[in-house]
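Subject: Structure handover

Hello,

Here is the structure for you to look through. My notes on what was found in it come after.

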Amino acid sequence: MDIEGGSSRRVFNRLGNSSSNNNNNYQNQNQNRSYSNQNQQQKVCNYWRQGRCNRSPCQFLHRELPLPSTSSNGGVSKRSYNIGAGVGGNDGGFSTRKNPNFNNTWGRNQSINNGAPLKKLEKVCNYWVQGNCSYGDRCKFLHSWNVGDSFSLLTTLEGHKQAVTGIAWPTGKSNLYTGSKDGDVRIWDCETGQCANVIPLGGEIGCMISEGPWVFIGLPNMVKAWNIETVTEMSLNGPVGQVYALVVGNDLLFAGTQDGSILAWRFNPATNSFEPAASLMGHTRHVVTMFVGANRLYSGSMDNTIRVWNLETLQCIQTLTDHTSVVMSVLCWDQFLLSASLDQTVKVFAASQSGNLEVTYTHTEEHGLLTLCGMHDSEAKPIILCSCNDNSVRLYDLPSFAERGKIFSKQEIRAIQAGPGGLFFTGDGNGQVRVWNCSPEAKTTAV
């Protein structure tokens with residue numbers, strides 16, 4: 001929250017014409033002049049900003065005034081519970097076991113960047129984007145796609161013509177896979193940063209994940225399954241409408257669909273094919289996000305709810321109705337479930353003594369949220385990336401939600417994917433994929 005600053009002023013009363021009062025009046029007038037001069041000296045010279053002030057000395061400042069610091073919005077959690085086993089290890093999620101000194105107090109304001117306050121975040125200069133800003137370092141807008149010292153932009157991958165909706169980096173492989181609403185899957189060589197292949201699929205791509213040797217792609221009315229080791233391709237039929245979410249858990253592939261159902265397939269090695277295993281019904285509108293953790297499947301929908309499914313019985317054991325708009329993203333972190341919604345909140349759920357999930361903390365943003373991604377920084381500290389529909393991504397420490405930085409884009413960022421060695425990837429509505437490094441001291445040759 002921005003804190004507005006201002007100078008205090010004393011109010012002096014004139015009580016008569018005595019000499020003492022006259023002396024007081026004289027002192028008061030001098031103090032008022034001092035305040036006036038001080039205020040005048042605190043103004044920034046407009047001519048200097050335009051690069052054409054010829055006064056020496058000038059009565060106004062030839063530098064920008066310091067900006068007010070920002071702090072995250074949050075409160076202290078009243079309780080913490082255990083769901084059971086840790087729930088890390090999936091794409092977009094992470095475990096606190098890498099940091100044994102973890103403090104699970106949600107929303108606690110902490111200093112960041114070694115105690116240095118984060119500067120106020122401005123918007124990106126439109127003239128700089130076009131390559132013709134004449135103000136240079138004196139421009140009051142950002143000449144960068146990010147703010148923050150804990151990460152850096154490595155490169156931008158261009159080629160998609162519409163929004164990027166899926167990013168996958170198969171473990172141990174040298175290629176990055178990206179999917180878009182333009183119907184193409186692009187395969188990028190991570191050594192050169194060049195597009196090695198473009199595969200048109202003939203339909204809008206709603207999501208993409210990788211698991212072992214497989215890359216799964218959500219399309220209208222089907223899921224494509226590619227085995228990148230055997231170079232085989234399969235089409236899994238059954239979905240009705242667009243497939244918006246995919247996840248793997250308990251040897252099952254789950255697909256969240258436009259009609260509100262969740263379809264499951266199991267791979268049969270004997271027939272070398274995926275066979276239908278179940279259909280999970282309950283959501284009344286599109287299923288747009290899913291995550292697996294603690295032997296549970298969590299699904300978020302446009303019906304504003306999160307459903308919790310037992311992976312053994314495939315039965316819904318709880319429905320969470322705490323959000324007031326579309327649940328766009330869910331992920332698990334240690335014993336907590338985090339969810340992001342267009343209602344401008346990130347909610348943190350923990351298990352109560354009865355075993356049911358309850359909200360233990362709510363983080364509020366100024367804009368609706370689109371997706372979440374969790375990872376660790378170079379010091380193994382957990383951070384969360386929150387994409388908002390104002391074309392930005394906020395990076396926060398966990399569990400404090402202290403802000404680490406901000407990423408900007410020309411359009412909203414629909415896909416975020418963590419990679420190896422501190423890398424992470426963002427895909428935006430303009431079709432651009434950006435590669436970021438969360439470990440500035442690490443030397444990488446990838447992309």
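A contact here means that heavy atoms lie within 4.5 Å. With that in mind, consider the contacts in the protein between residues at least 6 apart in sequence: 46% of them join residues at least 24 apart.

Please keep in mind that this is a predicted model. The mean pLDDT of the protein is 80, and 74% of the residues have a value of 70 or more. In residues 95-102 the pLDDT falls below 50, and the model gives this stretch 16 contacts beyond near neighbours in sequence. Another such stretch is residues 441-447, where pLDDT stays under 50 and the model has 16 contacts beyond four places in sequence.

Now the overall make-up. The protein has 447 residues, and 48% of them count as buried. Its secondary structure consists of three helices and 27 strands. The accessible surface of the protein is about 22000 Å², and carbon and sulfur atoms account for 43% of that.

Where is alanine 402 found? It sits in the loop that runs between β23 (392-397) and β24 (403-408). Is alanine 402 buried or exposed? Its relative accessibility is 4%, and buried means under 20%, so alanine 402 counts as buried.

Regards

Conventions
Residues numbered from 1 in each chain as written. Predicted model: local features only at pLDDT ≥ 70, side-chain atom pairs only at ≥ 80, totals over all residues. Heavy atoms only, no water. pLDDT = per-residue confidence, 0-100. Helix = DSSP H or I, 4+ residues; strand = E, 2+ residues; numbered from the N terminus. Buried < 20%, exposed > 50% of the residue type's maximum accessible area, 1.4 Å probe, protein only. Areas by Shrake-Rupley, 256 points an atom, 1.4 Å probe, with all protein chains shown as cover.
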